[in-house]
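Hello,

Here is the structure I promised to pass on to you. Have a look at it first, and then read on for what I found.

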Amino acid sequence: MKAADAWRLSAVPYSEMAFRSILQNSSNMWWGSFGRGSSDASERQDLVTRALRIARFDKLVVAAFVTVAAGAPFLPQILGASYGVSASVTLSLAASFALILLYGVQTLSSFVTSGPSPVLSTLPLLRNDVSLVNLLSFARTSDYLVAGSVACQVIFVSYLTGSALAGVLMLVAGVVNSALAVGVSLWLSNVFYRSILGSKKGKRGGALRFVLLLAWGVVVIGIGVLFAAAGDLIPLVQGVLASPNTLTGSILSLVYPFSLGISVGSIANGFPSLVGKVALVATICYLLVAFAVSRWSMNSVASFSEGAFSGPGAGRVRDTSVSLRSPVAAYAMKDLRASSANLPSAFLFALPTFETFIILLIRAYLPTLGASTLLVAMTLGGMVSLILPLVLVSSEGNGFDFAKTMPMRMGTVVFSKALIATAVFLPAVAVALLESLLKPFGSPFSVLILAASVLAVAAASLLEVRLFLGFAPSGRATFALQEFARMAAGAGVVLLPALVYVAAYIPTVNHPLAAGAMVGVALVELIGVVGLVRRS
Amino acid sequence: MAGVLIEAAGLTKRYGSFDALNGLDLSVASGEIYGLLGPNGAGKTTTLKITAGLIEPSSGSVTVSGFDATKDPIHAKAQIGYVAETPILYESLTPRELLEFEASVRGLVKDSVNRRVRQLAEAFEVESVFDSPIATLSMGTKQKVAIIAALIHQPPVLLLDEPLNSLDAKSNRILKELLSLHVQRGGAVLFSTHIMEIAQRLCSRIGIIFGGRIVAEGDLDQLRARAGEKGATLEEVFMKLTNEASEVENTVRTLRESFFDDEGR
């Protein structure tokens, strides 16, 4: 088969794979299916149409975003900053690596679990041709992203350094970076789904999954930090790289992606420092690693298309007993189990860790835990918790039809999901209480702020789940607006008690009164929302 | 009719400009296996989904053991075991986790549910995959898990949408025996199929659904009489009642001519 024919043919399995991934990971898409895996043919058709449309345009939108992200670190020099390009190249590579990785993990999940297209194997094609088509459909997962980011990096480096050689080295660095990002995302998906499907009950598998989730969280949060602090990071990194004879500079010349950044930055000057030469050697090593990773990726893709990935061999199970719980607890347990089987949604299990970390960070430099600090930290923590109801509703997927066949009120579903969201918020509260042993509260009544936060998060979670399960979308724009309104409603419920505290404190300067009012409002919110849910 | 467990009256379901159901009436009594027989898109699955409470009708009503499926879905669903045409299950769960979830939500008693699960798991030979994620199971095994899920609470009404499609011969036989036992104990079964032999052998009554309505119903002799085809097979009766006999003949003739033309070339 000619390469051009194989490329053309690969569009079909690629579309199918992207489509399946979008349906599988709708929780992470801005448009979301939000769990309304519907039995109603018209709604299902709407979902499929939307998924197909997104499958076509999602990659284009993400590619544009990756291209902008890859170009953003060069902005200071374009605007006249006088330092070299090493730090910008480093940050640009880090940003494109992380974004390609994020997109890859979402898109490659269905590739890993069921191969690109079983239909291909049934056609009268040679085995090598099938492998080639599958390989190309795999390449299509990130072609725009890689092309956009690498082109942007090459153009900016060539323009800023005026060196064709630097441009060529940037091209090599960009390709190495992309090959590694795609390889890592394939590996991450592969290991995660194998750990789920291969050793579901094993403690080792569970621990491995938790480590992967933490790694995933680091990537997600790392991207946020990278964008939030890019303006401060570039001069900081450039300062380190500008002092090549320091120990830090020497170490960084070996570390990815600094070595690539230093190489590109140094090549225009003919590698004047030893660190530049070491970085070039390291870059060559990374090129070899990228080559090996690419070969592994190709072999993996070939094995997926031949159906090498399969579930566990059936073992002998004699005990078929089942454990029973209350309906709400059973539903919550089902949610935890179902959500942990999907890498992006499984991130929620790592959320308490990050939430606690963020809250601790806010308070790290304060000698006491004043009311205002607690108020800000707990409100922010509460807002973060509100991601969970959305993820939990989304993780229902088509299986929701199974739940719908059971004699169960909507309240059972709503309470179970709100229970998880509130439980995830509790570690942050527990840490605040433990922390108060070291750093005393400004007033003993501050503990009321913690109580009010828990009540508000519970009420907001209930309201959000209720709203997400209760609406029927109509039209894409209306749908997006409705989603926003639902999230805003939850955020409002978390925010209101804090605002009441402020409103009560400013005129009276009475902390116990303000804290009491905050608890009162949060309690009223919770009672009101529980009543609303019970009526459904 | 005494002991009616399923009663649908004037059911309609409209998807845009398409009428999936167009005033469907049917009733299934205790002790009956009622087969819904019809071509693709005739409304079989829609009828079952409305009865199971998965979708709401555009108009009309359906009651299950006297409970309105739309107005009182909680009580109606407690009476039903439903198996979809394509198993709808939480695929990331294992069969054990799925059944735990279902038994808990239905509020079943532990000892009896464990006994029931063990019997059914043995009968359908799914013990070995009891702790494997459903996503990794074959279509037939998924179907077996869906059937067990529909049976663990011993519901009086079973709604089965093409239940025998993916099952192996042994499980096929076991399910048929289970259905017979179910109706002997006073239960009712409403199931859809387009396989005539199954409908002919298994059902006490057959409803021929076409264009979203029951165009004829009864046992085989009643259907023969209705079609005016004495001694005809169910397939012949079906073709006659759905006016598809001449259409099929024309299609076959065209295909035959096309095939011979191709060979002659």
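Before we start, one cut-off: two residues are taken to be in contact if their C-beta atoms, placed from the backbone, lie within 7 Å. Please also keep in mind that this is a predicted model.

Let me begin with helix α18 (residues 371-385) of chain A. By that contact rule, Ala371(A), Leu374(A), Leu375(A), Met378(A), Gly382(A) and Ser385(A) of α18(A) meet a set of residues in α22(A), namely Ile449(A), Leu450(A), Ser453(A), Ala456(A), Val457(A) and Ala460(A). Helix α22 of chain A spans residues 447-470, and the two helices pack at an angle of about 20°, with their axes 10 Å apart. Angles under 35 degrees count as roughly parallel, so α18(A) and α22(A) are roughly parallel to each other. Their crossing is right-handed.

α18(A) also packs against helix α21 (residues 410-438) of chain A: the axes come within 9 Å and cross at roughly 155°. That makes α18(A) and α21(A) roughly antiparallel to each other, and this crossing is right-handed. On the α18(A) side, Leu374(A), Gly381(A), Gly382(A) and Ser385(A) take part, and they meet Ala421(A), Val424(A), Phe425(A), Ala428(A) and Ala432(A) in α21(A). The contact of α18(A) with α21(A) divides into six nonpolar, three polar and no charged residues. Leu374(A), Gly382(A) and Ser385(A) are listed in the contact with α22(A) and also in the contact with α21(A).

Now to chain B. Its open sheet has four strands in the order β2-β1-β4-β5, with antiparallel pairing. Which strands stand at the edges? They are β2 (18-29) and β5 (67-68) of chain B, each with a single partner strand, so one side of each has no neighbour in the sheet. Helix α1 (residues 44-52) of chain B packs on this sheet and touches β1 (4-15), β2 and β4 of chain B, its direction making about 115° with that of β1(B).

Going through the pairs, β1(B) and β2(B) run antiparallel and are joined by nine bridges. Within this pairing, Ile6(B) has Val28(B) in β2(B) as its bridge partner. The two strands form a hairpin with two residues between them, and Gly16(B) in the turn has a positive phi of about 65°. Strand β4 (residues 59-64) of chain B pairs with β5(B) in the antiparallel sense over two bridges, and Val64(B) stands opposite Phe67(B) in β5(B).

How many residues does each chain bring to the contact between them? Chain B gives 44 residues and chain A gives 40 residues. On the chain B side, α1, α2 (73-78), α3 (95-106) and α4 (110-123) each supply at least two residues. α3(B) gives the most, with ten residues. By class, the side of chain B that touches chain A has 22 nonpolar, ten polar and twelve charged residues.

Finally, a word on confidence. The mean pLDDT of chain A is 77, and 69% of its residues reach 70 or more. Among the elements of chain A, helix α17 (residues 351-363) has the lowest mean pLDDT (63), while helix α24 (residues 511-535) has the highest (93). Residues 26-38 of chain A have a pLDDT below 50, and this stretch has 36 contacts in the model beyond near neighbours in sequence. Where pLDDT is low, the predicted coordinates should not be read in detail.

Best wishes

Terms used:
Residues are numbered from 1 along each chain as its sequence is written. Chains are lettered from A and ligands numbered from 1 in the order in which they are written. This is a predicted model: local features need pLDDT of at least 70, side-chain atom pairs count only at pLDDT 80 or more; totals for chains, interfaces and linings use all residues. Axes are lines fitted to C-alpha atoms, for helices over the stretch in contact, and angles run from 0 to 180 degrees between N-to-C directions. Angles under 35 degrees count as roughly parallel, over 145 as roughly antiparallel, 65 to 115 as roughly perpendicular and the rest as oblique. A crossing is left-handed if the near helix is turned anticlockwise from the far one by less than a right angle, and right-handed if clockwise. Two strands pair if DSSP finds at least two bridges between them. Ala, Val, Leu, Ile, Met, Phe, Trp, Tyr, Cys and Pro count as nonpolar, Asp, Glu, Lys and Arg as charged, and the others, Gly among them, as polar. pLDDT is the predictor's confidence in each residue, from 0 to 100.
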